[in-house]
Amino acid sequence: MQFWALIVDSFRESRDRKIFWVMLGLSVLVAAVMFCFSFEQGKVNVLFGMWVIETDYFTGVTGIKTDVIAAIVVDGIMDTALGGMGVLLSIIATASFFPTFLDRGAIDVVLCKPMPRWKLFLGRYVGGMVFMGVQAAIFVVLTFLVVGLRWGVWLPGYLLAIPLVVLLFSYLYCISALVAVVTRSTVAAVLLTMLAWMAFTGVQTVDDLFPVMFPGWQENKLMYEGVRTARWIVPKTQDITYLAKKWSRAANASVFMNADTDDEREMLEHASKIERARLAISPFAIIGSSLLFEAVIVIAAMWKFARRDY
């Protein structure tokens, strides 16, 4: 009961901050903007038909291509608005959870409760996850309903974006929690989490792009094997979008790209190859290895929290 009270208290703390309502407002705004668009065979209606754009993307034997709509929703909307900006705002919103929790006076009251310190840590940690879960659920459900009711395309697999985005947040939130417990600094938690996010993304980008940009780089076995190993150790932050696309049955992102030269066509083919390869990877491998990394970081943060003198 006390554990649940800690979770609820953490969520209420986040809900009372302006950033919670800013994120909620952004979700409603994105859904409202989407509602202004509609798709028909061979054209896109903007602002309820005030402006019509001719396009071949939605021309097919059966009318609107569902996989193209899914790609727009996942690549253009979910990944950018929720998986990018939403996660960033959530990291900022929850970065102070542990520093304020560890303030003199606040922590003294909490430690008087008959509860193990590891439970105190987990209660606070799960509270941050609930914050992201609520925001993700609101955003995904709103956009899901707009796509279904306004665009006439129902994507049940898209609803799985809710746990996927929470997973993405958790990969970064564990870093934030560890830094916050060690430094008691909100600023340090935000900055180092952002650096970690860039590092996770950078490792995946290097592994994807270097083979085509530097064809001979694989000959350097030490560097090549080092990057490949690092890729499987760090959380797969970029692969969250690919899993969402896979379960939404979205089209390949290359359908939106044009290639006029041989070099551009080669790059486009390589990008398509990367996407197909990622979609073929087992979700259990992607999520499992990422959760293993998170578990190690959470255990380290929990140990530091339990051992520290307050």
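Mentor: We will set each value against its definition, starting with the ground rules. This is a predicted model, where local features need pLDDT of at least 70, side-chain atom pairs count only at pLDDT 80 or more, and totals for chains, interfaces and linings use all residues. Residues are numbered from 1 along each chain as its sequence is written, and side-chain values use heavy atoms, with hydrogens and water left out.

Trainee: Why is Arg184 called partly exposed?

Mentor: Buried means under 20% relative accessible area, exposed over 50%, and partly exposed in between (1.4 Å probe, protein chains only). Arg184 has 27%, so it is partly exposed. Arg184 sits in the loop between helix H7 (161-183) and helix H8 (186-213). Helices here are DSSP runs (H or I, at least four residues), numbered from the N terminus. Arg184 also has a positive phi of about 60 degrees, although it is not a glycine.

Trainee: What makes Arg276 count as buried, exposed or partly exposed?

Mentor: Its relative accessibility is 43%, so Arg276 is partly exposed. Arg276 belongs to helix H11 (residues 262-280). Its C-alpha atom is 9.3 Å from that of Tyr242, 34 residues apart along the chain.

Trainee: How do you know that H3 falls short of a straight helix?

Mentor: The expected span is 1.5 Å times one less than the number of residues. Helix H3 (residues 66-94) has 29 residues, and a straight helix would reach 42 Å. The end C-alpha atoms of H3 are only 36 Å apart.

Trainee: Where does H3 bend?

Mentor: At Met78, by about 50 degrees. The bend is the angle between axes fitted to the seven residues ending there and the seven starting there.

Trainee: Why are H6 and H12 called oblique?

Mentor: Angles under 35 degrees count as roughly parallel, over 145 as roughly antiparallel, 65 to 115 as roughly perpendicular, and the rest as oblique. Helix H6 (residues 117-149) and helix H12 (residues 283-307) pack at about 125 degrees, with axes 9 Å apart. H6 and H12 are therefore oblique to each other. Their contact (heavy atoms within 4.5 Å) includes Trp118 and Phe121 of H6 and Met302 and Phe305 of H12.

Trainee: What makes H10 roughly antiparallel to H12?

Mentor: The axes of helix H10 (residues 239-248) and H12 cross at roughly 150 degrees and come within 11 Å. That angle makes H10 roughly antiparallel to H12. Residues in contact include Leu243 and Trp247 of H10 and Ile286 and Ile287 of H12.

How values were computed
Helices (H or I, at least four residues) and strands (E, at least two) are DSSP runs, numbered from the N terminus. Axes are lines fitted to C-alpha atoms, for helices over the stretch in contact, and angles run from 0 to 180 degrees between N-to-C directions.
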